[in-house]
Amino acid sequence: MELSLDCFVCERQGRTMFLEWGAERARCTADEQHGRHFAPARIAGFDSTIEDEQVSMRAVVEYWWTPFHDAKRDVDARPLNESPRVRLKFGYVCTQRDDHQVWGSTTQTNIIRPASTKCRHCTEVAATSLEAPMIRLVS
């Protein structure tokens, strides 16, 4: 999962954070000066449900924030109070193949819906995103 979050480690706003299930911390994209580095965020919980042949996924993300000043943009960081950009990577298996090879794709908040993902092997629709990934802030 990728989220756009402020990073107090490199003191930059709107950094893309890479989060993986099971990892203790995220990776921040930072910039040339700081390079990629660990960031204070992680996926604390993950589950999925299937209803009427539709899969819904839920991830609980813990994210630590502290005030800082982004010197490059000359702005103060703000606590997360609105939904950040989200990109979710997912895998699928082609029903036409017997080897159960997992193919990958992504969906994100800023695409027009419904959005279909076609299988890279057989070109049949492998997944359809009906709703954008959402962030629900819990305080």
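Strands, labelled E, are DSSP runs of at least two residues, numbered from the N terminus. The legends below describe close-up views of a predicted model.

**Figure 1. The loop that carries Asp74.** Asp74 lies in the loop that connects strand E7 (69-70) to strand E8 (75-76). Its phi is positive, at about 55°, although Asp74 is not a glycine. Most residues other than glycine have a negative phi. Asp74 counts as exposed because its relative accessibility is 57%, and the exposed class begins over 50%.

**Figure 2. The loop that carries His100.** His100 is found between strand E9 (86-93) and strand E10, in the loop that joins them. This residue, His100, is not a glycine, yet it has a positive phi of about 55°. With a relative accessibility of 60%, His100 is therefore classed as exposed.

**Figure 3. The cis peptide bond between Arg113 and Pro114.** The peptide bond that joins Arg113 and Pro114 is cis, with omega at about 0°. Most peptide bonds are trans. Pro114 is located in the loop between strand E10 (102-108) and strand E11 (115-118).

**Figure 4. Prediction confidence in strands E3 and E6.** Among the elements of the chain, the highest mean pLDDT, 95, belongs to strand E3 (residues 26-28). The lowest mean, 83, is that of strand E6 (residues 54-63). Over the chain, pLDDT averages 86, and 96% of the residues score at least 70.

Key:
Residues are numbered from 1 along each chain as its sequence is written. This is a predicted model: local features need pLDDT of at least 70, side-chain atom pairs count only at pLDDT 80 or more; totals for chains, interfaces and linings use all residues. Side-chain values use heavy atoms; hydrogens and water are left out. Helices (H or I, at least four residues) and strands (E, at least two) are DSSP runs, numbered from the N terminus. Buried means under 20% relative accessible area, exposed over 50%, partly exposed in between (1.4 Å probe, protein chains only). pLDDT is the predictor's confidence in each residue, from 0 to 100.
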